[in-house]
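Please look over the sequence and the model below before reading on.

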Amino acid sequence: MRWSIPFVTLFAAAAVAVAAPAPAPAQDGALTQRQSQPTFPQPPGPRDITAPPGWDDIFGNTDVTRWMLDYHNQFRAQFGSPPLAWNASLAFKEAGHTALCNNSHWGNDNLAWYSTSGDASFGVNTLIDMWAGEWVDHYNPPREVYDHFSAMIWASAKSVGCSWSLACRDGDWPHHIYLTCGYEPVVNLLGAYAENVGTFRGS
């Protein structure tokens, strides 16, 4: 999905794992009725990325990476999914991924990038809100959609690790900021939607 406004472009993409043919849209366990809507978690203070990831980021020990984990867990709770733990091995893998600036998936991950003519920095929510915002695609009629949203709340996932690059370029844009998050065990597994994507339970 892509947005374009003067001097800024945003793009996000999700990977899907294949294990079996996708079944017909599920009624149980899917988002079957829109009674209200989830809220996007808000950080307790600025959570802007202004520097490349360091070892403290890889190990989940900075305000930015702690917020990435907290965002996931606060959002997951609204759909009945258990909390995730930070996975430093995944974060290290994602750091290698984003360093290549290739805008392609490494296995089963969420990715987003942000091209700008301004400073090479971004707020965590600027990109993760895009993923969370895809919850609307799971309604009216109820249907199975394997996307960023489903990856974020996938109930059987146990851990997440994220990283980013501020060094990428995108054509004439001076700054191409790139974020990825990986999940374990595998998420967006075809045929396992109903038991992993729960109904909205309230903010």
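How many helices and strands does the secondary structure of the protein chain come to? There are five helices and eight strands, where helices (H or I, at least four residues) and strands (E, at least two) are DSSP runs numbered from the N terminus. This is a predicted model, in which local features need pLDDT of at least 70 and side-chain atom pairs count only at pLDDT 80 or more, while totals for chains, interfaces and linings use all residues. Residues are numbered from 1 along each chain as its sequence is written, and side-chain values use heavy atoms, with hydrogens and water left out.

Read from the N terminus, the order of elements in the protein chain is β-β-β-α-α-β-α-β-β-α-α-β-β. The chain has 203 residues, and 50% of them count as buried; buried means under 20% relative accessible area, exposed over 50%, and partly exposed in between (1.4 Å probe, protein chains only). Of the contacts in the protein chain with a separation of 6 or more, 79% are between residues 24 or more positions apart. Contact here means heavy atoms within 4.5 Å.

Helix α2 (residues 63-77) packs with helix α4 (residues 124-132) at an angle of about 25°, and their axes are 11 Å apart. Therefore α2 is roughly parallel to α4. Axes are lines fitted to C-alpha atoms, for helices over the stretch in contact, and angles run from 0 to 180 degrees between N-to-C directions; under 35 degrees counts as roughly parallel, over 145 as roughly antiparallel, 65 to 115 as roughly perpendicular and the rest as oblique. From α2, the contact is made by V64, W67, M68, Y71 and F75, and from α4 by V124, N125, I128, D129 and A132. By class, this contact of α2 with α4 has eight nonpolar residues, one polar and one charged. Ala, Val, Leu, Ile, Met, Phe, Trp, Tyr, Cys and Pro count as nonpolar, Asp, Glu, Lys and Arg as charged, and the others, Gly among them, as polar.

The last stop is the segment after β8 (173-184), where N188 lies. P185 also has its place in the segment after β8, and a cis peptide bond with omega of about -10° joins E184 and P185. Phi of N188 is near 55°, a positive value in a residue other than glycine. Is N188 buried or exposed? With a relative accessible area of 0%, N188 is buried. The side chain of N188 reaches the backbone oxygen of D147 at 3.1 Å and the backbone nitrogen of A151 at 3.4 Å.

Key: A polar contact is a pair of N or O atoms within 3.5 Å; within protein, one must be able to donate a hydrogen and the other to accept it, and residues adjacent in sequence count only if both atoms are side-chain atoms.
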